[in-house]
Amino acid sequence: GPGRYIIEARAREGDGPWGEVASLPFRIVPAWYQTWAFRGVLLLLAVWMAYRTYLWRLASLERRTVELRRVVEARTQDLQAALVEAEAATKAKGDFLATMSHELRTPMNGVLGFTQLLLGTALSSEQRGYVKTVESSGQSLLGLLNDVLDYSKIEAGMLTVESEDFDLVTVIEEVTSMMVPRSSAKQLDLLVEISPTAPRRVVGDRARTKQVLVNLLGNAIKFT
């Protein structure tokens, strides 16, 4: 390798004595690629390449961030548009259900009113049974219409629960008399037993309580 060296030599003639040691100092100059300057240049080049790589990675990440932000903004706009459409569709459906239930309840209340008038006239037992059946069916249909209206109110966030004092026994008797024709049609006995300790007057939503009882009894009769 490069560096300073000394060559030492001595000679003799035949079998004579050795001569004095002769020395020759010399120096091997390093190649250009072995110089410290070249190594410094290589180090600076490596640092520069690392810095350029860092800048390239940073720019690449920035481009990806911008692209992802653009995609997210586009998806957000799509979701917002879809949400607006879904809310509009839900509102339209709720308005339609509410309108239809109101439109159907009006003639149904008329039918039930006339059945009450008929029951107040002189009817044979057979005719009275027919009118009772019409009244029961009308009440059931009216209950279904109330369910539809409640469903539309729930979706619109407008359902309110009343808090009023009412006679629970009376509600039970009304529901029972309404469901008797259905149970009789299936040859079922519908019996009501109310505990003497049960409160007669309670505070709550009378219409919802009646609706729940109608649904429970209706399912019980249907699946028995």
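Is lysine 210 buried, partly exposed or exposed? At 22% relative accessibility, lysine 210 counts as partly exposed.

**Figure 1. Overall arrangement of the predicted chain.** The chain has four helices and four strands. Their order along the sequence is β-β-α-α-β-α-β-α. The radius of gyration is 50 Å, well over the 17 Å that the globule rule gives for 224 residues, so the chain is more spread out than a compact globule. The C-alpha trace spans about 170 × 40 × 35 Å along its principal axes. Of the 224 residues, 15% count as buried. Among contacts with a separation of 6 or more, 66% are accounted for by residues 24 or more positions apart. The chain exposes about 17,300 Å², and carbon and sulfur atoms supply 62% of this area.

**Figure 2. Salt bridge between arginine 201 and aspartate 165.** The whole structure holds six salt bridges, one of which joins arginine 201 to aspartate 165 with the closest N and O atoms 2.7 Å apart. Arginine 201 belongs to strand 4 (residues 201-204) and aspartate 165 to strand 3 (residues 164-167), so the pair ties together parts that are 36 residues apart in sequence. Arginine 201 has a relative accessibility of 47% and counts as partly exposed. Aspartate 165 is also partly exposed, with a relative accessible area of 45%.

**Figure 3. Salt bridge between aspartate 167 and arginine 200.** The side chains of aspartate 167 and arginine 200 meet at an N to O distance of 2.8 Å. Why does aspartate 167 count as buried? Its relative accessibility is 13%, and buried means under 20% relative accessible area. Arginine 200, at 45% relative accessibility, counts as partly exposed.

**Figure 4. Salt-bridge network of Glu174, Arg206 and Lys210.** These residues, Glu174, Arg206 and Lys210, are linked in a network of salt bridges. Lysine 210 is placed in helix 4 (residues 206-222) and glutamate 174 in helix 3, so the pair ties together parts that are 36 residues apart in sequence. Glutamate 174 counts as partly exposed at 26% relative accessibility, and lysine 210 counts as partly exposed at 22%.

**Figure 5. Nonpolar surface patch on strands 1 and 2.** Tyr5, Ile7, Leu24, Phe26 and Ile28 make a nonpolar surface patch of about 430 Å². Strand 1 (3-9) and strand 2 (22-28) are the elements that give two or more residues to the patch. Which strand supplies the largest share of the nonpolar patch? Strand 2 does, with three residues. Phenylalanine 26, one of the patch residues, lies in strand 2.

**Figure 6. Aromatic pair of tyrosine 5 and phenylalanine 26.** The structure holds one aromatic pair. The ring centres of tyrosine 5 and phenylalanine 26 are 5.6 Å apart and the ring planes stand at 20 degrees, so the pair is stacked; planes under 30 degrees apart count as stacked. The pair links distant parts of the chain, with tyrosine 5 in strand 1 and phenylalanine 26 in strand 2, 21 residues apart. Tyrosine 5 is partly exposed, with a relative accessible area of 34%. Phenylalanine 26 is partly exposed as well, with a relative accessible area of 31%. Both residues are also among those that make the nonpolar patch.

**Figure 7. Backbone at glutamine 187.** Where does glutamine 187 lie? Glutamine 187 is placed in the loop between helix 3 and strand 4. Its phi is near 55 degrees, a positive value in a residue other than glycine. Glutamine 187 is exposed, with a relative accessible area of 76%.

Methods: Residues numbered from 1 in each chain as written. Predicted model: local features only at pLDDT ≥ 70, side-chain atom pairs only at ≥ 80, totals over all residues. Heavy atoms only, no water. Patch = residues over 30% accessible without salt bridge, like charges linked within 9 Å, V, L, I, M, F, W, Y side chains within 5 Å. Areas by Shrake-Rupley, 256 points an atom, 1.4 Å probe, with all protein chains shown as cover. Salt bridge = Lys/Arg side-chain N within 4 Å of Asp/Glu carboxyl O. Rg over C-alpha atoms; globule rule 2.2 N^0.38 Å. Buried < 20%, exposed > 50% of the residue type's maximum accessible area, 1.4 Å probe, protein only. Contact = heavy atoms within 4.5 Å. Phe/Tyr/Trp six-rings, centres within 6.5 Å; stacked < 30°, edge-to-face > 60°.
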